Amino acid sequence: MTKRVLELKGESAFAYLELTAKAREKGLDVISFGIGQPDFVTPKHIREAAKRALDKGITGYGPSGGLPELREAVATWINENYGCDVSPEEVIITAGAKAAIFAAFLCVIYEGDEVIISDPSYPAYESVVRFLGGVPKPVPLREEEDWAFKVEDIERAITPKTKVLVLNYPHNPTGTTLTPQQVEELLSLAKERGLLVISDEIYDFFLYDGVHKPVLSDPSWRDFVIYVNGFSKTFSMTGWRLGYAVADRRIIERMEVAANNMYSCPPTFAQVAAKEALESGLDWFKPFFEDYKRRRDVLIEELSRIPGVSVVRPKGTFYSFPNVDKLLKLTGYETAEKLVVDLLFEKGVLLLPGTAFPFEAGRRHLRVSFTVPVNKIREGMARFREWVKSKIREGK
Ligand code: PLP
């Protein structure tokens, strides 16, 4: 086994997905607050478009960078939503945003390059950076500051070896985000210090408080930005494996070669449906968005009723990241991992341990996805609460 491949780490949310399947096989009626995917199927008009594409025989290979008509639709989508100036050849369609993240780092990381990543963070950044011989440099987000990004902390982490600043906003797993002013400050900082910015904005349509300003709104983005987004979350298309990146054409060209080596091209009939998804707009999404907001509020209310739990109200995404330090002490658990497994098999409730998210900040936390209907949130949290109370009683 190569040293290099041993540096890669899988996203443990997927391991818990399998564990949940085992719990269900044992007959448990599991309420899963685990993996981050919307709980409704892809909207009908998108599924129908895929069926039509299949019936038309769109089942073969396509260009490695994606179908030209979808690249064009993505450019139009970004430009119309955010007033940017992206052209289709500056877009690559990838097999999920994850492949865009991989290909982006592949294009820019040299051995020894330092990469600034928030702590906690979505796991792929750290894994891929290490794999490529880069050095992840965690910058802590602090719970007592509502997990907010601090421009000063990021500035302090810059050294002569820093190559890339990774941004992810709205942020998985904390639900925090960057204000437009912070985006501007960070982009100025990156330009001043000669850093590349890889910005993962896959939750841009899941923002409940505030306004989203993409990094592509900087007129000089081509000089220093790789923007990542995808279809998985907004359009509930996680299984379709479609994402995209935007960057200077020279980077996109190399990302296409990387994609070509990994998977040749993204699935063609799925891309036809993705074009339909963009062109038919998000009117259908409005009630879902309102529902997510309500779910957030209900979840925060329910979490606050559990002994030993405190939680920051997320501004975006469909995640909350409660602190369970006191709960662990009250129940006698040493780690959140152990608690999560017992809770799953004893009560049929899946939560993720904060340690599923690099680096250190999540040790005494859980990630709870609110991709569950309100009544199930109430039921799942009631089960969790009763379980915690019984553990406290047992311990006494
Ligand atoms: N980026 C972030 C921050 C995510 O949370 C996820 C999925 O959970 C992804 C990227 C990957 O998305 P995709 O399904 O498009 O690969």
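Hi everyone, let's start with a pair of helices: helix 11, residues 285-304, packs against helix 14, residues 374-395, at an angle of about 15°, and their axes are 10 Å apart. Angles under 35 degrees count as roughly parallel, and helix 11 and helix 14 are therefore roughly parallel to each other. Their crossing is right-handed. Before we go further, please keep in mind that this is a predicted model.

So who touches whom here? On the helix 11 side, the contact is made by Arg294, Arg295, Val298, Leu299, Glu302 and Leu303. Helix 14 brings Val374, Ile377, Arg378 and Met381. Sorted by class, this contact of helix 11 with helix 14 has six nonpolar and four charged residues, and no polar ones.

Now on to a second pair. Helix 5, residues 97-108, and helix 9, residues 249-263, pack at an angle of about 120°, with 9 Å between their axes. That angle makes helix 5 oblique to helix 9. Helix 5 passes helix 9 in a right-handed crossing.

If you'd like to find this contact on the screen, look on helix 5 for Ala99, Ala103, Ala104, Leu106 and Cys107. Their counterparts on helix 9 are Ile251, Arg254, Met255, Ala258, Ala259 and Met262.

Seven strands form an open sheet, and if you walk across it the order is 2-8-7-6-5-3-4, with mixed pairing. Which strands stand at the edges? They are strand 2, residues 91-94, and strand 4, residues 135-140. Each has a single partner strand, so one side of each is left without a neighbour in the sheet. From one strand to the next, the twist averages 20°.

Let's stay with strand 2 for a moment. Strand 2 pairs with strand 8, residues 243-246, in the antiparallel sense, over four bridges. To see one of the partners, go to Thr94: its bridge partner in strand 8 is Gly243.

Last stop, the ligand. How many residues surround the ligand? There are 13, and the closest are Gly96, Ala97, Lys98, Gly230 and Ser232. By class, the shell around the ligand has eight polar, three nonpolar and two charged residues.

Note on methods:
Residues are numbered from 1 along each chain as its sequence is written. This is a predicted model: local features need pLDDT of at least 70, side-chain atom pairs count only at pLDDT 80 or more; totals for chains, interfaces and linings use all residues. Axes are lines fitted to C-alpha atoms, for helices over the stretch in contact, and angles run from 0 to 180 degrees between N-to-C directions. Helices (H or I, at least four residues) and strands (E, at least two) are DSSP runs, numbered from the N terminus. Angles under 35 degrees count as roughly parallel, over 145 as roughly antiparallel, 65 to 115 as roughly perpendicular and the rest as oblique. A crossing is left-handed if the near helix is turned anticlockwise from the far one by less than a right angle, and right-handed if clockwise. Two residues are in contact if their C-beta atoms, placed from the backbone, lie within 7 Å. A residue is near a molecule or strand if its C-beta atom, placed from the backbone, lies within 6 Å of it. Ala, Val, Leu, Ile, Met, Phe, Trp, Tyr, Cys and Pro count as nonpolar, Asp, Glu, Lys and Arg as charged, and the others, Gly among them, as polar. Two strands pair if DSSP finds at least two bridges between them.
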